[in-house]
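Here is a short report for someone meeting this structure for the first time. Please keep the sequence and the 3D view at hand while reading.

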Amino acid sequence: MSPDAPNPESPTADAAVLTSFDGGIGRLTLDNPRRKNAITLEMAAAIERFCDRVVDDETIGAVVVDATGSYFCSGADTRILAGASADPAAPESVKQLSAVYAAFVRVGSLPVPTVGVVVGGAVGAGLNLALAVDLLVTTPDAVLDSGFLARGIHPGGGHLTLLNRAVGRADTIALAACGQALTGHEAVARGLAYAAAPVEEIPAIVDGLTGPAARDPELTRKVMSSVRLELGPPAVTWDSAIEIERGTQMWSMARKGQNWSSRGPGRS
């Protein structure tokens with residue numbers, strides 16, 4: 001934890017979203033379990049506020065996105081979908097759906113590694129949120145389902161691009177156009193998820209990923225900046241990647257040299 005980091009904060013509730021900041025790690029927890037954590041407009045706004053805090057607070061080196069209850073996220077709140085279906089051309093319908101999509105776009109562009117935890121399943125916009133994180137940890141029997149086809153609507157929020165960058169063209173078509181779904185184990189095998197493990201083992205996996213990132217948030221943020229520049233989409237060429245990394249690597253070496261010098265002779 002950075003010596004300048006704020007004191008640990010107790011989780012705060014904000015429109016069915018819980019947030020906490022402790023040890024250089026921000027945690028965003030969907031807290032609408034009675035509706036399978038369907039994302040409301042208020043929740044979308046709370047997610048945006050959380051992301052604002054992460055961007056502004058440079059002592060934060062990693063983020064965890066999870067949910068209370070037995071299901072990660074069932075997508076956008078049905079009341080938003082019903083309103084959009086009743087009058088899809090209305091500016092308010094477009095505005096409301098865009099607000100939901102904007103929330104997980106913000107998560108996907110945070111300057112630190114994001115680790116998502118999916119228990120039970122994710123569908124529709126809920127799968128979009130799961131796909132927006134950098135590393136997904138799930139239970140083996142969780143169901144990751146595009147879900148748009150079953151609802152009789154076209155995917156939205158960049159769903160096809162999010163799927164394609166995770167699993168490729170064939171599996172994107174299988175999920176989005178042919179109504180297939182993946183279990184947690186299958187998601188790992190296809191590269192959509194980082195790990196699948198029983199619920200009781202997930203905290204240790206998450207800690208193992210976020211702990212090192214949170215110990216040096218300054219360096220972590222620079223690494224993630226290069227990750228987003230190099231890997232895209234679209235990804236850059238190897239030559240371009242060398243140029244992107246050169247300046248920041250030299251900065252890190254200079255920082256290391258300064259830290260070493262400040263310790264004085266004979267100190268490790």
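Does C51 count as buried or exposed? C51 counts as buried, because its relative accessibility is 0%. C178 is another matter: at 46% relative accessibility, C178 counts as partly exposed. The structure holds zero disulfides.

**Overall picture**

This is a predicted model. The chain has 268 residues, and 41% of them are buried. Its secondary structure comes to nine helices and 10 strands. Take the contacts in the chain with a separation of 6 or more: 67% of them are between residues 24 or more positions apart.

**Helix α4 and its two partners**

Two packed helices are described by the angle between their axes and the distance between the axes. Helix α4 spans residues 125–132, and helix α5 spans residues 159–176. Helix α3 covers 91–108. The table sets out the two pairs.

| Helix pair | Axes come within | Crossing angle |
|---|---|---|
| α3 and α4 | 8 Å | roughly 15° |
| α4 and α5 | 10 Å | roughly 45° |

Start with α3 and α4. Their axes cross at roughly 15°. That makes α3 roughly parallel to α4. The crossing of α3 past α4 is right-handed. On the α3 side, the contact is made by V100, Y101, F104, V107 and G108. On the α4 side, A125, N128, L129 and A132 take part. By class, the contact of α3 with α4 has seven nonpolar residues, two polar ones and no charged ones.

Now turn to α4 and α5. Their axes cross at roughly 45°. That makes α4 oblique to α5. The crossing of α4 past α5 is left-handed. From α4 come L127, N128, L131 and A132. They meet H159, L162, L163, R165 and A166 in α5. The residues of this contact divide into six nonpolar, two polar and one charged.

**N128, a residue in both contacts**

N128 sits in helix α4. It is named in the contact with α3 and in the contact with α5. Is N128 buried or exposed? N128 counts as buried, because its relative accessibility is 0%. Which residues does N128 touch, leaving aside its neighbours within four places in sequence? They are Y101, F104, F148, G156, G157, H159 and L162. Y101 and F104 belong to the α3 side of the helix contact. H159 and L162 belong to the α5 side.

**P113, a buried loop residue**

P113 lies in the loop between α3 and β5, a strand that covers 114–118. P113 is buried, with a relative accessible area of 16%. The cut-off for buried is under 20%, so P113 falls in that class at 16%. Leaving aside neighbours within four places in sequence, P113 is in contact with G61, A62, V63, D134, A213, T220 and M224. How far apart in space are P113 and V223? The C-alpha to C-alpha distance is 9.4 Å, while the two are 110 residues apart in sequence.

Most residues other than glycine have a negative phi, and most peptide bonds are trans. Several places in this model depart from that pattern.

Look at the loop between β3 (25–30) and α1 (41–56), where K36 lies. K36 is not a glycine, yet its phi is positive, about 50°. N37 lies in the loop between β3 and α1 as well. N37 is not a glycine either, and it has a positive phi of about 55°. How do the two stand in accessibility? K36 counts as partly exposed, at 46% relative accessibility. N37 is buried, with a relative accessible area of 0%.

Where are the cis peptide bonds? One joins G232 and P233, with omega about 10°. Another joins P233 and P234, with omega about -5°. P233 is in the loop between α8 (217–231) and α9 (238–263). P234 is placed in the loop between α8 and α9 too.

How values were computed:
Residues numbered from 1 in each chain as written. Predicted model: local features only at pLDDT ≥ 70, side-chain atom pairs only at ≥ 80, totals over all residues. Heavy atoms only, no water. Axes fitted to C-alpha atoms, helices over the stretch in contact; angles between N-to-C directions. Helix = DSSP H or I, 4+ residues; strand = E, 2+ residues; numbered from the N terminus. Parallel < 35°, antiparallel > 145°, perpendicular 65-115°, else oblique. Left-handed = near helix turned anticlockwise from the far one by under 90°. Contact = heavy atoms within 4.5 Å. Nonpolar A, V, L, I, M, F, W, Y, C, P; charged D, E, K, R; others polar. Buried < 20%, exposed > 50% of the residue type's maximum accessible area, 1.4 Å probe, protein only. Disulfide = S-S within 2.5 Å.
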